[in-house]
Amino acid sequence: VEDRDPIAEQRSKANYLYMHGNYAGAADIFRELLDANEFDYKSRSNLAATYLHMGDFDECIAATEKVMDFCKDVANALNQPGVQSSNLMDSDDEDEAEDEMVAKRNEAARTIRERSGHVYVLLKSYVRMAAALCGKQRYKEAYEYMEMAVRISPYDDDLRDDANRILEKLRMDTLVRSTAAGKQSAEAAKAKAKAEGDAERPPNEL
């Protein structure tokens, strides 16, 4: 008799509900899985996806932040200068600072190789976080996360297009805010000038 894995069955059921648009039902199961194991980052990542589809951006952001925190060692490794270079061999340079830099780069590369699955989870998390932040009109932060995603997969044209669209939203939002601020400043200056003029005008005699 083949052993059954109840956790795998629950996750499979949740994924089925998710794929068929029953996001609330899928979220319930993912939360149950996390109650049983809070370090189940795959279920937490999927839970964040359900929140995004339901338009619950705050919960999506909170769940995604926990996933990214779980994968922080890989995130730090990806930020190590030169880690994505193909030349990851130890240096023969006698310069101590150079050797230290190469050692850090090689250690980061090993971390990425050993936890390659986390790299893909981080990529999805960055894109998901960007989408949730766009939902809250926080375009500057959203663009920063999309840039992080593009650094992981620099040859993905779709990612770059999405980043450019967010950048355009950011520019438009900045323009609208600047225009509104300028209009408010002009109205405030006009009101101040009028008030000062009224104060200087002598009162009408009876």
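Is the crossing of α1 and α2 left-handed or right-handed? The crossing of α1 and α2 is left-handed, a term used if the near helix is turned anticlockwise from the far one by less than a right angle, with right-handed used if clockwise. This is a predicted model, in which local features need pLDDT of at least 70, side-chain atom pairs count only at pLDDT 80 or more, and totals for chains, interfaces and linings use all residues. Residues are numbered from 1 along each chain as its sequence is written, and side-chain values use heavy atoms, with hydrogens and water left out.

**Helices α1 and α2**
- Helix α1 (residues 6-19) packs against α2 at an angle of about 160°, and their axes are 7 Å apart; helices here are DSSP runs (H or I, at least four residues) numbered from the N terminus.
- Axes are lines fitted to C-alpha atoms, for helices over the stretch in contact, and angles run from 0 to 180 degrees between N-to-C directions.
- The helices α1 and α2 are therefore roughly antiparallel to each other (angles over 145 degrees).

**Helices α2 and α3**
- Helix α2 (residues 23-36) and helix α3 (residues 41-54) pack at about 150°, with axes 9 Å apart.
- The pair α2 and α3 is therefore roughly antiparallel, and the crossing of α2 and α3 is left-handed.
- Residues of α2 including F30 and L33 meet residues of α3 including L47 and Y51 (contact means heavy atoms within 4.5 Å).

**A loop residue**
- Q137 is found in the loop between α7 (116-135) and α8 (139-152).
- Although Q137 is not a glycine, Q137 has a positive phi of about 60°.

Terms used
Helix = DSSP H or I, 4+ residues; strand = E, 2+ residues; numbered from the N terminus. Parallel < 35°, antiparallel > 145°, perpendicular 65-115°, else oblique.
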